[in-house]
Amino acid sequence: MKRIHFLFVVALIAAASLLSACKYGRFIWYNFADLNDYKIFPKRELKASDDPFVFHRVDVETKPTGTTYEDKELSFDDFLKETKSVAFLIIRNDSILYERYLDKYEEASIVPSFSMAKSVTSMLIGCAIADGLIGSVQDPVSKYLPEMAKNGFDKVKIAHVLQMTSGIKFNEGYYNPFGEVASFYYGTDLRKDTQKLKLEAEPGKDFAYASGNTQLLGLILERVLNGKTITEYLDEKIWKPIGMEYDASWSIDRKDDGIEKTFCCLNARARDFAKLGRLYLHKGNWEGQQLVPEDWVKESTKVDSTEGSYKHYQYQWWLPTEDGDFAAQGILGQYIYVNPDKNLVMVRLGHKVSANWFRQFVRLAKEY
């Protein structure tokens with residue numbers, strides 16, 4: 001009995017060591033991404049504003065009409081339950097017309113952004129260009145990361161990286177423990193993993209969604225910030241100025257001298273995510289202060305199919321239609337949707353995608 005107990009303890013210690021030291025162990029233990037992942041990674045903190053911006057809440061909400069889901073006619077509240085949503089907001093003219101939290105989530109619940117962070121990274125690239133830290137999107141990646149010239153990145157423009165047309169070799173398979181995305185998500189040396197990226201196609205020819213592109217942007221940002229962390233830059237340029245109500249965080253690859261997972265992992269609340277949408281709704285201007293250059297916002301949300309670009313994707317933002325709307329999107333169905341014509345911002349957070357959310361947002365925009 002004592003021997004069995006001893007072996008059990010040894011096995012637990014071995015499992016813990018594997019979990020802490022090996023990305024494959026972490027992949028096996030945690031498996032696919034979920035809403036609790038913000039708890040498992042080290043992070044850098046973002047503090048709430050001392051003077052938060054607060055959306056007005058109308059006295060009588062405007063409930064969306066029902067919809068069809070899996071051949072069933074459902075009320076919108078039931079649709080949210082069936083699709084494993086945890087938060088849904090509809091905001092027009094700075095007023096919350098509809099707000100729901102489900103599955104024990106509430107207004108103050110933290111939810112990881114997953115790939116919505118890509119759109120935030122794009123914001124920071126725009127700020128860095130305005131600050132003179134980056135010359136132009138036409139600059140080659142190797143200008144800022146000279147060690148990557150040997151891998152062909154002297155031919156890759158920052159614009160290619162923003163547009164996901166860089167031609168990098170990157171396995172975006174989230175169920176593959178040996179793919180690059182597993183290394184990036186669970187690994188502890190993102191700088192090294194990013195610097196090892198290579199090309200498999202000519203830059204500027206074809207769109208291929210790859211999180212490695214956004215981590216490249218993060219590595220460029222870190223290099224030009226010259227000692228300031230990406231989280232500190234976000235806090236200075238955007239987080240504090242737009243009056244976030246809650247503390248938040250950005251996950252990093254390791255506790256000591258880590259780098260932000262700029263392709264994912266900004267952890268915040270639904271209402272604060274909505275403020276990021278409001279910032280772009282107003283073309284980067286917040287209450288009279290131009291935080292992100294207006295030209296950058298316009299460039300980031302226009303339909304473009306030149307140089308291999310996909311017309312529904314621009315500078316790390318998704319374009320659901322060709323009518324001026326745009327969205328940040330995360331793998332489990334995290335969305336910040338913006339419709340400038342209707343002055344609308346919507347946020348959906350959930351456990352999984354479940355439905356065609358772009359179709360729902362477009363439908364709701366017509367309704368509101």
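**Exercise 1. Find which residue follows helix H8 and describe the helix.**

Asparagine 226 comes after H8 and has a positive phi, near 55°. Helices (H or I, at least four residues) and strands (E, at least two) are DSSP runs, numbered from the N terminus. The model is predicted: local features need pLDDT of at least 70, side-chain atom pairs count only at pLDDT 80 or more, and totals for chains, interfaces and linings use all residues. Residues are numbered from 1 along each chain as its sequence is written, and side-chain values use heavy atoms, with hydrogens and water left out.

Step 1: H8 covers residues 211-225, which is 15 residues. Step 2: from first C-alpha to last, H8 reaches 21 Å, close to the expected 21 Å; the expected span is 1.5 Å times one less than the number of residues. Step 3: 13 of the 15 residues of H8 are buried, so the helix is largely enclosed by the rest of the structure. Buried means under 20% relative accessible area, exposed over 50%, partly exposed in between (1.4 Å probe, protein chains only).

**Exercise 2. Work out the strand order of the open four-stranded sheet and what packs on it.**

Step 1: the order is E1-E8-E9-E7, with antiparallel pairing. Two strands pair if DSSP finds at least two bridges between them. Step 2: strand E1 (43-46) and strand E7 (111-112) are the edge strands, each pairing on one side only. Step 3: strand E8 (residues 248-251) and strand E9 (residues 266-268) run antiparallel and are joined by two bridges. Tryptophan 250 stands opposite leucine 266 in E9. Step 4: helix H4 (residues 116-130) packs on the sheet and touches E8 and E9; contact means heavy atoms within 4.5 Å. The direction of H4 makes about 95° with that of E8. Axes are lines fitted to C-alpha atoms, for helices over the stretch in contact, and angles run from 0 to 180 degrees between N-to-C directions.

**Exercise 3. Describe the hairpin of E14 and E15.**

Step 1: strand E14 (residues 326-330) and strand E15 (residues 334-339) pair in the antiparallel sense over five bridges. Glutamine 329 has tyrosine 335 in E15 as its bridge partner. Step 2: three residues lie between the strands, and glycine 333 in the turn has a positive phi of about 90°. Step 3: four of the five residues of E14 are buried.

**Exercise 4. Locate the disulfide and state its handedness.**

Step 1: a search of the whole structure finds one disulfide, a pair of cysteine sulfur atoms within 2.5 Å. Step 2: cysteine 264 is joined to cysteine 265, S to S 1.9 Å. Step 3: the link is left-handed, with -70° about the S-S bond. Both cysteine 264 and cysteine 265 are buried.
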